[in-house]
Amino acid sequence: MRYAQGGGLTDTERAARERIRLQAVVRFEDGETNREVAAALRVSERSVERWRRAWRERGEAGVLSQGSPGRSRLSETQIARLERELERGPLAHGWADQRWTLARIKTLIGRLFHVSYTVEGTWRLLKRHGWSWQQPARRAIERDDDAVEVWKKETWPRVRASRRSAAPGSSLRTRPGSRWAQSRFP
């Protein structure tokens, strides 16, 4: 295979793939078979079959790149406005607490710009613009970190019970040395 399967291509990589498809078109016009084209361009025959079908149906335009599938549908000014709105917090937008979730941000984008994103698309958009996933530490306001450390160092070692040794046990309900067990299992 000439290139790995999957997405996440840069514009340069996408252009390189397009050049390979255009080389295939030249070979199609010269009458080469799918096997010959695949061997010459070091791609799979299946890819060549797809390209040939697209070329027959739509001409050279059928093998041209469609561009980045993950291209943002928001302009840079809209992104800047979204960031300002996110900084205002969820309370300013009608939610009862101070947690931004992807579903809430998706809804906010829809309200502000009338653009629909999936939850996954919302995450990719935010990640692309430098936002990161964060989870607040759930700690009580009354928590005393110094007291917790003292407890861990002094109290916990005394409270922690030592485990029994890993000696073989008995499946009997009574102690192995009892008279009942001895009379039943000599």
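In this predicted model, the axes of helix α5 and helix α6, the latter spanning residues 119-128, come within 9 Å of each other and cross at roughly 85 degrees. Because angles of 65 to 115 degrees count as roughly perpendicular, α5 is described as roughly perpendicular to α6. On the α5 side, the residues that take part in this contact are L102, I105, K106 and I109, and they meet V119, T122, W123, L125 and L126 of α6. Sorted by class, the contact between α5 and α6 consists of seven nonpolar residues, one polar residue and one charged residue.

Helix α5, which covers residues 102-113, also packs against helix α4, formed by residues 76-88, and here the axes lie 11 Å apart at an angle of about 125 degrees. This angle makes α4 oblique to α5, and the crossing of the two helices is right-handed. The residues Q78, R81, L82, E85 and L86 of α4 meet I105, L108, I109, L112 and F113 of α5. By class, seven nonpolar, one polar and two charged residues make up the contact of α4 with α5. Two residues of α5, I105 and I109, are listed both in the contact with α4 and in the contact with α6.

These helix pairs belong to a protein chain that contains eight helices and zero strands, so that the order of elements from the N terminus on reads α-α-α-α-α-α-α-α. Of the 186 residues in the chain, 23% count as buried, and the chain exposes about 14700 Å², of which carbon and sulfur atoms supply 49%. When contacts between residues at least 6 apart in sequence are considered, 41% of them join residues that are at least 24 apart.

R42, which is found in the loop between α2 (34-41) and α3 (45-58), has a phi near 55 degrees, a positive value in a residue other than glycine. The relative accessibility of R42 is 55%, and R42 therefore counts as exposed, since the term applies to values over 50%. H114, located in the loop between α5 and α6, likewise is not a glycine and has a positive phi of about 55 degrees. With a relative accessibility of 71%, H114 counts as exposed.

Notes: Residues are numbered from 1 along each chain as its sequence is written. This is a predicted model: local features need pLDDT of at least 70, side-chain atom pairs count only at pLDDT 80 or more; totals for chains, interfaces and linings use all residues. Side-chain values use heavy atoms; hydrogens and water are left out. Axes are lines fitted to C-alpha atoms, for helices over the stretch in contact, and angles run from 0 to 180 degrees between N-to-C directions. Helices (H or I, at least four residues) and strands (E, at least two) are DSSP runs, numbered from the N terminus. Angles under 35 degrees count as roughly parallel, over 145 as roughly antiparallel, 65 to 115 as roughly perpendicular and the rest as oblique. A crossing is left-handed if the near helix is turned anticlockwise from the far one by less than a right angle, and right-handed if clockwise. Contact means heavy atoms within 4.5 Å. Ala, Val, Leu, Ile, Met, Phe, Trp, Tyr, Cys and Pro count as nonpolar, Asp, Glu, Lys and Arg as charged, and the others, Gly among them, as polar. Buried means under 20% relative accessible area, exposed over 50%, partly exposed in between (1.4 Å probe, protein chains only). Accessible areas come from the Shrake-Rupley method with a 1.4 Å probe; for residues, only the protein chains shown count as cover.
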